[in-house]
Amino acid sequence: MDRLETPRLVAERLDQRHLPDLIALHLDPEVSRYLGGTRSAEATQAYLAANLAHWDDHGFGLWIWRTPDGSFVGRAGVRPLAVEGVPEIEVAYALAREAWGRGYAGEITRALVEHGLGRLALPSLVGVVMVDHVASRRVLEKAGFAFERTVVHAGEPCALYRLTQAAWCATTA
């Protein structure tokens, strides 16, 4: 699936055209403080290449999200992540600072849950959030994710949230 839509946003499958937006996003220190720090243009190019390969290998991954008028909102999708050595599929999102506080993160997360647990029929999705990132934790909780435990991920204490297909189906029935 190359395109997703929500009531206020349009997402398209990540591709090379999106590199300038990703570079700007990853160079913003406020956006990147919960992502392990800023990334150089070269590191972002490598990040993009890895994510494009993931799409080719698995048929899902990250999208670029925009408003209908084309304004860049951020990047978000579902992708594999090892959590303490255990393979998981995470809901991942990073929004441009201009998009903060508008409810986009929740809207995107709900769309990703529908895609991951609905269309892809994954057994569960996780969210891994730095413990002190309160806003992101609220986004996951509002989308139905339950706090599971604290983990160390990328050298940082993080909250691990999970939403199972069974729990999601129970709320959508």
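Residues are numbered from 1 along each chain as its sequence is written, and side-chain values use heavy atoms, with hydrogens and water left out. Because the model is predicted, local features need pLDDT of at least 70 and side-chain atom pairs count only at pLDDT 80 or more, while totals for chains, interfaces and linings use all residues.

Let's start inside. A nonpolar core here is a set of buried Ala, Val, Leu, Ile, Met, Phe, Trp, Tyr and Cys residues joined through side-chain atoms within 4.5 Å; buried means under 20% relative accessible area, exposed over 50% and partly exposed in between, with a 1.4 Å probe and protein chains only. The largest such core has 47 residues, and the members touching the most others are Trp65, Val73, Ile108, Leu112, Leu125 and Phe145. Helix H4 (residues 104-119) is the top contributor to this core, with seven residues. Helices (H or I, at least four residues) and strands (E, at least two) are DSSP runs, numbered from the N terminus. There is also a second, separate core of eight residues, with Leu81, Val126, Val151 and Leu160 among them. In soluble globular proteins, nonpolar side chains tend to be buried together.

Now pick out Leu125, in strand S6. Is Leu125 buried or exposed? At 0% relative accessibility, Leu125 counts as buried. Leaving out residues up to four places away in sequence, its contacts (heavy atoms within 4.5 Å) include Val78, Ile89, Leu112, Phe145 and Tyr161. With that same exclusion, Ile108 touches Leu9, Trp65, Val73, Ala76 and Leu95.

Next, the helix pair. The axes of H1 (residues 19-27) and H3 (residues 41-58) come within 9 Å and cross at roughly 125°. Axes are lines fitted to C-alpha atoms, for helices over the stretch in contact, and angles run from 0 to 180 degrees between N-to-C directions. H1 and H3 are therefore oblique to each other, as angles under 35 degrees count as roughly parallel, over 145 as roughly antiparallel, 65 to 115 as roughly perpendicular and the rest as oblique. On the H1 side, Leu19, Leu22, Ile23 and His26 meet Ala41, Thr44, Gln45, Tyr47 and Leu48 in H3.

Finally, the loops. Most residues other than glycine have a negative phi. Ala121, in the loop between H4 and S6, has a positive phi near 55°. Ala154 also has a positive phi, of about 55°, and sits in the loop between strands S7 (146-153) and S8 (156-164). At 73% relative accessibility, Ala154 counts as exposed.
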